[in-house]
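Trainee: Could we go through this structure together, taking one contact at a time?

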Amino acid sequence: CTLFSPSRPRPKSGAPVPVPKLRNSLSSIMLSRVLLCCLVVACVGRTLAGTTRPDLSMMRVALDTSDDDTGDPSYDHQTTTYTTRFDPVYADNTVTVTPFFSPDHSIGTLTDLISSVSMGGTIEIGTPGFSSWSGCTPFTGCQGCSIINATKEQFPIFHALLNAVHVQKATVRILTNNYNTPTCPGLIAPLDFLVLNGIQVKYFDTVTFLHEKYITVDGNRTAVSSVNWSYTSFMENREAGVIITDGGGELIKMAMQVWESDWAQATDYVVTNTYTAAELAVIQNPAKQAIVIPKQKNIPEAYVTPTPFPAASETTVIYTSPDHARYELFRDLNTTQHSFELFMYQVTDFGLCQELQRLYTNTTIDLTIYVSKHIYAAGDSALAQECYGQLYKAGATIHLSPWYYTYSHAKFWIVDRGTSRQHVGMSTGNWSPTD
């Protein structure tokens, strides 16, 4: 998403999207087959009437899945060619947005959002994965826990979803990636547990990978963020997101259209293990679940963001990749006049890296780059170091995240801060060719 000042020109519908220069033939293959679906949202900041607190802009965080350069990634289940479907949607009216950040408040904020579903309401979720906080979803091999241990899952959202279907009688749908990790014999995986309780789950296959972190509740409250559904992302990373509410109807409608399009094409999740009547009675217990929000770690050196509060965006636009995200991002870079402040997990797209170098060499523009000190995937880390080395040789300063974050996974940028053109952009995807 990107927030626009009123003076910022809009692209024409269907404007061409610049294609990055590819580094080799492998990159060409992966670009055409590994395009991540990212919802991007941005806001021009001013506080709501009656509040004196500053606008917080917004961040996003996301752990990117590296491509397997020996062949198709295990999660790649795309079978049809994707064509551009969704143009950016603008809202010129005042839209209420509530920024939130990990590790400070994201778990409480998103759990509360899900718990706020109305009686008989709806919840739509897009998440790259669903990680157990109790060790039930290892990265490799089969997954699962005993039924008793599964009922004691420590991820608060797991229990909020069960309450939504049993207590609020809500319809809950989850769209996620298929990593080809089957449930171990005799055990139950978190998604098995949710499906057996009436939650609908499907595997994404519109393009190679689902990288959005998205929740809509009752069709009128939408969260977009960089937060993966893992303990690390909620409790140990710096992540960022926003909740769009009042005045954001057209933005929420567009996000829903993207999600519904992907849902219609997706593949049903199938529970492969069978369970006895006695086991199902435990799994499908309709009693209200206790929800325990864990306390944040006390790290004296760390800045703790304020408790989330609503702010106002005067002009807001939402767009999705692979449709228009790259084009919109280059527009932000190309129209910067005074300053560009980038807070990003990783920069591995060399076209974007070159644009940052161009901004730096323009002495009228103040460039700030803050990236994660640690990157999960070795291949991504090597590409990022190549980009940062290029910028460093040109004289730019690269700021690395502090030791107390496992990853700085937020993804946002501030353009022309303190001027009439200032706006904030945030995304669920990294500055990487696939995203």
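Trainee: How many aromatic pairs does the structure hold?

Mentor: This is a predicted model, in which local features need pLDDT of at least 70, side-chain atom pairs count only at pLDDT 80 or more, and totals for chains, interfaces and linings use all residues. Residues are numbered from 1 along each chain as its sequence is written, and side-chain values use heavy atoms, with hydrogens and water left out. Rings of Phe, Tyr and Trp (its six-membered ring) pair if their centres lie within 6.5 Å, and planes under 30 degrees apart count as stacked, over 60 as edge-to-face and the rest as tilted. With that rule, the number of aromatic pairs in the structure is 21.

Trainee: How are the rings of Trp133 and Phe155 arranged, and which parts does the pair tie together?

Mentor: The ring centres of Trp133 and Phe155 are 4.9 Å apart with 20 degrees between the planes, and the pair is stacked. Helices (H or I, at least four residues) and strands (E, at least two) are DSSP runs, numbered from the N terminus. Trp133 lies in the loop between β5 (122–126) and α3 (147–151), and Phe155 in the loop between α3 and α4 (156–166), so the pair ties together parts that are 22 residues apart in sequence.

Trainee: Is Phe155 buried or exposed?

Mentor: Buried means under 20% relative accessible area, exposed over 50%, and partly exposed in between (1.4 Å probe, protein chains only). Trp133, its partner in the stacked pair, has a relative accessible area of 10% and is buried. Phe155 has a relative accessibility of 0%, so Phe155 counts as buried.

Trainee: What is the handedness of the disulfide between Cys142 and Cys184?

Mentor: A disulfide is a pair of cysteine sulfur atoms within 2.5 Å, and the sulfur atoms of Cys142 and Cys184 are 2.0 Å apart. This pair links distant parts of the chain, with Cys142 in the loop between β5 and α3 and Cys184 in the loop between β6 (171–176) and α5 (190–196), 42 residues apart. The torsion about their S-S bond is about 95 degrees, so the disulfide is right-handed.

Trainee: And what is the handedness of the disulfide between Cys136 and Cys145?

Mentor: Here the S to S distance is 1.8 Å, and both cysteines are buried, Cys136 with a relative accessible area of 2% and Cys145 with 9%. The torsion about the S-S bond is about -100 degrees, so this disulfide is left-handed.
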